[in-house]
Structures are given as C-alpha cells and as structure tokens.
Amino acid sequence: MKILVAVKRVIDYNAKVRVKADNSDVDLSNTKMAINPFCEIAVEEAVRLKEAGSAQEVVAVSVGPKACQEQIRAALALGADRGIQVETDDNLESLNVAKLLAQVVRDEQPDLIIMGKQAIDSDNNQTGQMLSALLNMPQGTFASEINLQEGEVQVIREIDGGLQTLGLTLPAIITTDLRLNEPRYASLPNIMKAKRKPLAVVTPETLGVELKQHSKLLKVTPPAERSAGILVSSVDELIEKLKNQAKVI
Amino acid sequence: MEHEVMEFDVLIIGAGPAGLASACRLKQLNPELNVCVVEKGSEVGAHILSGAVIDPKALNELFPDWKEMGAPLTTATEQDEIVLLKDSTSSIKIPHWMAPKSMHNQGNYIASLGNFSRWLAEQAESLGVEIFPSFAASEVVYDDNGRVKGILTGDMGVGRDNMPKDNYMPGMELHAPFTIFAEGCRGHLGKALIHNFNLDKDKDPQHYGIGLKELWDIDPAKHQQGLVIHGSGWPLHGDTSGGFFLYHLENNQIAVGLIIDLNYSNPWLSPFDEFQQLKHHPMISQYLEGGKRVSYGARAITKGGYNSLPKMQFPGGILIGCDAGTLNFSRIKGVHTAMKSGMIAAEAINNALKSSDKEAETFDTLYKESWLYSELFNARNFGPALHKFGPWIGGAFNTLDQNIFNGKIPLTLHDRQEDHAKLLRISESKKLTYPKPDGKLSFDKLSSVFLSNTNHEEDQPCHLQLSKEDIPLTVNIPLYDEPAQRYCPAGVYEVIEDEAGKKLQISAQNCLHCKTCDIKDPCQNIQWVPPEGGGGPNYPNM
C-alpha cells in the first residue's frame, strides 16, 4: 500500500505575523517558516501506518517555491520515503493546489491520501475536499482516529458535539485534526538520512495542469489593537462599569 | 545510561558567525572533512542578536567575493555620529577628532547579524557542512584521560517532572577528534570548560554587558540609510556605565539599543527600564515618533577583551568567539574578531588532522601572529579605563591611547573585580523608580517579550536552575530585593507573595537566552542550562 501525504510550508506558529507597511500582504521576509502542524500530523500518521506494516511507501508532496523542499526534507526526516516538489513561485489558492495534487495522485496512484485539514496561514480548509471532488474519491475530514481494514479505511471524525465514524473504500482522502496523534521529534541520524532520500521536482507545466486565478488579494490589515484592561476593586464596581460604561448588562 | 553515538571529523557547537566561519574555513582547507554544527535555536539566526555594524575584515579573507555571492551586507555606513546625552532633553555631539579612532566606522556595514548568519549557513551547507538546528549541546563528553571527545545533545520530550513523555527521544553523543565551542557569550559548556581546564588562570575576570535592542519601522521622511549614531550618558548615571546605538538600516528600519555594563552596583537598576526611558530622549525620539516597533530582544555581551581572554585551546578542542571573549570593546565590534578566531581554529585543527597531531597546538602561534591578537592587545585598556576613571577621564585616556599611541601605550590597566561582586545591598543603595511606559515609545516587559517570538515547550524541566533553593529567600530577597526581577529583560523572575510569604517564581518559558542571570546573580546561584532544542526566541532579523 502506498500513502501520499501533502505538506505545506507556512509561517512558524511561534512567529508573529506582520503586515507589510503598504497593506499589500503579510511580510514573510526572514520569518521562520515550518511545516504546517496539521500536515505534520498527517506525515506522522502515514509513518505510523508504515511502521505498523499496513503501508509500504510514504510519499511526501509539496506545492511551492524551492524553499518548500525544506518542509519535504522535514517530512522525510520524520520517516517518509521520498518527496515530490511541484515547483511554483505563485501564491496559489486552494483549487489550484487541489488540481496540482490531483495530477500527482493520478501519476502516483496511492491507495490513501492524508493531508492536514487546513493550513495555519490561510486557514481555508478547502484543499482536501476539493481534491476529493476532482478525483471522485471518498473523503474523511477532521480525522481523530484512522483504522485500516481490507480495502477500506475507518475514519473517526471530530464533528460538532461528538464523533462520527465513517467507512471509506480505498483509495480515499483523509484530512487530519489535532487529536489524531502527536508527531515525533526528528532524530539527528534521520535528518541526515533525509538529505539523501530522493526528491523529484515537477512543475505545473510538466504535470500538464493549467492554472487560473479566481480571486485577487486586495488588502491585508492587522486586527485592531486591544486597549489595556483595568483592575476593579470590588464586585460592585465591576457591575457598575458593566452597566454604565460597557453597557452590556 | 548508554547513548547512541555519531562520529564526525570536527564538531562545532553553535551556528553563529564564529562557528559558521570556522565550518566554512575547515571545508575550504579540506573538502573531505566531515563537519557537523549543532545549534540550539529552532533555525540558524533564531537566537542571534547584535547591533550590528560589521567590519568585513574577516569576511574578506573567508569569501573575498562575498558581494557577488549575495552576502546581506548592503548598507554601508555613510555618516558616523557620537553623542553625549547630558540630561533628559539636551545632548552634545562629540567632534570626530575627539572620539577614539576605534569608534570610527568608515568601510563598515550596518546589518542584521541574524540574516548574516543565515547567509553564512547557506555557504557552509553548500560547502558540505551538516548543520542541525533545534539540537542543543547539553553536556561536554570527556574520554578517560579527561580529553574532550564531543558533546551530548539534550533529551527531547521530557516532562516537567523529569519523566519521559510519549514522544521522548534520548540525547545522542556526538564524537569528534576536535570540538569547537562557539556558543556565544557565557556559553554554559564554555563556562564548564574554562573551569575544568583552568583556562582563565592569571587572567582578569571576564566582564560582561547586557544589550537590549529593538527594531523599528519609521517614517521614511526621517530615515537616513547608513547613519550610525553611538552615544552615552543619560539616563545612565552614577557608576553605571554603558552606551546606546541607533543604526539606520534599509527599508526604513532602524535598530536602537542600549548596552549596560554588568558591573553596575545599584540593585534597583533595571536595564530594561533604562532602555525604555532612553527612547524618550529627543535625540532618539525624533526618529521613533510615528514609527512602529517590530521586534525586541536582549543578549549578554562578553567585553573583558584581551586581559580577560582565557586560553582558547585545550585538550580536544578550542573555544572561539564570544564563548571565549574575542569582542573588541573599544570598537564595540565582535563579529569580525569572532569569525577570525573561528578561522584560526579551523586552520589549527586542519594542521593537527593533517599531521596526525593529537592536539591543535598550532592555534596559539597562529593566533599570536594574526591581526586578531594585535587588535585585541591594542584595545586592552579601553574597558578598564572606563571602569576605573569613568566616562570623562577614561574617555579622554582612550582617545589619547587609540589616536596618539595606536593602542601601544606602555601600560596595561586591569579590572580585577567580577561583575556580580560589585552589586551593593539595598541598604547601601538609592532606590530607583522608572516612569510608566507610554505604549508609544516605551513599553512593558511582557509586550516586548511577545515581539521576540519566544516559545518553549511548556511541559519540560525548568532550564534556569538554582544551585541552592533557599538563596532567594535567605539572601537575595532580603538583601537585594531579588535583583533578577529587574536585570532579567524578559520578566522571567518575579517575587510573589501569598499567605506562606514571599517566594521567587521563575517563568522559564519567557527566557530570551541572554544569560544575564547566570552572570549577575550576586550569589552565582542561577545556572542557565539549555532547554529542549528549538526553544527560545525566534528573532526574525536581529
């Protein structure tokens, strides 16, 4: 069994997001970048399935500029076997990423595709669902548990107010939620080994995918700064302020 | 416990300018060498903080065509000013001829040392160096004869209770015939090595400063790319010495910072608040007003220079850069000297490997014959003169020494008291109070630390260890009102009071890895050890 995992290069969750002075976009110059945490969970799950003997090969794919090879190497250090970079310098919207991934899936013919439910930069939560539609494959989104069976996969999904269990016939697409697993640390020998694992570079052109932009980024503005709070000395004062100043009760 | 072992030809601890220059030089001398660099920051540059005005002298030797190679040294210093702040509103400019020559900056570059380190790392990797960020060297490993044979990387995935968690990954022993220690100022392994091998025998004690820095986006109309301003005076007073810097970088950014010598005596002093106050001086605020602060950080500086420089070579390795103390305080520059010390270490180790010598003993000769030695020797009186005679007479002595005698004045001044020992008790000191931050030019500690992108895994053992648990209660709080509350630039240390009385609370997750507590604690009771690899600040371009 072959598993394909999609990973995205995003701003590190510890780094503070800054908006460019001209409000044209987020300023990412010299900012620490990392593998999207949900994608990392996807890699960990695929590697665990391989370690359990359920899968033979884990392929990590990323769409982005040359620098996203760092995130593919990070996935290889966690245990993926080989990487594919779809090289593009364009800032792609979800549908375009899904179209590129769909072509990679057609070429690679994996039995299972695991990806993050969303990326922490754009927070779209779309690519997995779109990929499923493009490939006409079953999808199990927001997975918190995955059990592989003969020819199918059982996915426990986190939904509002509870859990839902789905059975999907393979090949299928799963997107990960936070509680699926806790990714391991990459060990030093594995980071060294990852540098020598195969990493193929393809482009939208070689994949034969034509991309069209459907939306345009007009403006990015930071959220309004919160003003400082005040300490009240008594419950009475609090109630007075809530009533007369904040006018909420 | 047995650890897994990996072998290299040369092991380097710390991916700053010293360690990376050393790595590049080793591969230039012998491309076959297997060189490994470990770095505790989450990426190269994450823990690097400096002014910085960089003298490209060492870089010219390492990569003569660094301009074509795209080194991020693009802002040449255009104008050089030295200012004395007389009080909270007035200042005087010191004419160029009156300033010590070492303070002149023609031919230098204003840059982010973090970005420069990232670039050096790219060069090192393209030469074949293996760099591993997020791996902290936690201990030195010795062989049976007491020779250094490598380091142990820290365990990952250990809980607050010292018990392994689900994702536990034990540390690894990295071995090499030679290990280069380039941890920066007050490296915890460097400190242990200096002690174990008695490397500072017959030397003056090391002296330190704490540097605080902010990066601002300012109004383009007020920006003057290439302008370098250094100064001293207000708000520092009494026996507190130090100086500020204000550099106009590219993209309408300026770096502003204050360095305070850690031999200050008043336990009420708060370097952070002095810095916040400094920015209200019209000399500084004229640039900042209407601007926006984008980054904050702090780092201790090794500034003892020649008189305090320990022996750098020892069995199994070499101590380089600020880990040893190669900064030239008379020029407030340490990047070129740190890089040079690394390059000399590379040459000495390459010599030893080539001729199968057990130790890199050619280091001392190579060092003594280099410009690094003469530069540090000629600057040897600068710091002690300021400490002994104060900024006015000491400054005049330095101008005379540097401009007339070129540093060759036939006497050597010493400063033999350790910085922490200078701290007076609260009973002997005047209480200092600081104005509240206005939220425009000055800020509080927590909103500042927020801008350093500092993060540590919360469930891990505290990496700021007290040798004796009761010292805060028995000594530091009653005698000094726990000075850590004030000298820590990140608000890690707080004295809290409940029904059981006062106690010291350590919020180690805020730690900027500046090492000031390890240096300044009057009882030398705080030991800084590395937290889980990858923790600490994530400076974007400091």
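Which residue in S11(B) is the bridge partner of B:Ala137? I will come to that residue by way of the sheet around S11(B). One caution before that: this is a predicted model.

The sheet in question belongs to chain B, where four strands form an open sheet in the order S1-S14-S11-S10, with mixed pairing. At its edges stand strand S1, residues 5-7, and strand S10, residues 137-142; each has a single partner strand, so one side of each is left without a neighbour in the sheet. On average, neighbouring strands here are turned by 25 degrees against each other, direction ignored. S10(B) pairs with strand S11, residues 148-153 of chain B, in the antiparallel sense, and five bridges join the two. In S11(B), the partner of B:Ala137 is B:Thr153. As background, the strands of a sheet pair through backbone hydrogen bonds, either parallel or antiparallel.

Chain B has another open sheet, this one of six strands in the order S9-S3-S2-S15-S22-S21, and its pairing is mixed as well. Its edge strands are S9, residues 130-133, and S21, residues 313-314, each of them pairing on one side only. S9(B) runs parallel to strand S3, residues 35-39 of chain B, and four bridges join them. One contact to look for on the screen is B:Cys36, whose bridge partner in S9(B) is B:Glu130.

Now the chain as a whole. Chain B contains 15 helices and 26 strands. Its C-alpha atoms fill a box of roughly 65 × 60 × 45 Å along the principal axes. For 542 residues, a compact globule would have a radius of gyration near 24 Å, and the 22 Å of chain B agrees with that. Of those 542 residues, 56% count as buried. If we take the contacts in chain B with a separation of 6 or more, 77% of them are between residues 24 or more positions apart.

Helix H1, residues 17-29, has 13 residues and reaches 18 Å from its first C-alpha to its last, close to the 18 Å expected at 1.5 Å a residue. H1(B) is mostly covered, with 11 of its 13 residues buried. Among the buried ones are B:Leu20, B:Cys24 and B:Leu26, but also B:Arg25 and B:Lys27.

The other is helix H10, residues 371-378 of chain B, which holds B:Trp371. Is B:Trp371 buried or partly exposed? It is partly exposed, because 13 other C-beta atoms lie within 10 Å of B:Trp371, whereas a buried residue would need 20 or more. B:Thr337 is 34 residues away from B:Trp371 in sequence, and their C-alpha atoms are 9.1 Å apart in space.

Chain A next. Chain A has seven helices and 13 strands. Its C-alpha trace spans about 65 × 45 × 40 Å along the principal axes. Buried residues make up 37% of its 249 residues. Of the contacts in chain A between residues at least 6 apart in sequence, 70% join residues at least 24 apart.

Last, where the chains touch. How many residues of chain A are in contact with chain B? There are 17 of them, in contact with 23 residues of chain B. Helix H5 of chain A, residues 188-194, gives the most to the chain A side, with four residues. By type, that side of chain A divides into seven nonpolar, four polar and six charged residues.

Technical notes:
Residues are numbered from 1 along each chain as its sequence is written. Chains are lettered from A and ligands numbered from 1 in the order in which they are written. This is a predicted model: local features need pLDDT of at least 70, side-chain atom pairs count only at pLDDT 80 or more; totals for chains, interfaces and linings use all residues. Two strands pair if DSSP finds at least two bridges between them. Axes are lines fitted to C-alpha atoms, for helices over the stretch in contact, and angles run from 0 to 180 degrees between N-to-C directions. Two residues are in contact if their C-beta atoms, placed from the backbone, lie within 7 Å. Ala, Val, Leu, Ile, Met, Phe, Trp, Tyr, Cys and Pro count as nonpolar, Asp, Glu, Lys and Arg as charged, and the others, Gly among them, as polar. The radius of gyration is taken over C-alpha atoms; the globule rule is 2.2 Å times the number of residues to the power 0.38. A residue is buried if 20 or more other C-beta atoms lie within 10 Å of its own, exposed if 12 or fewer, and partly exposed in between; C-beta atoms are placed from the backbone. The expected span of a helix is 1.5 Å times one less than its number of residues.
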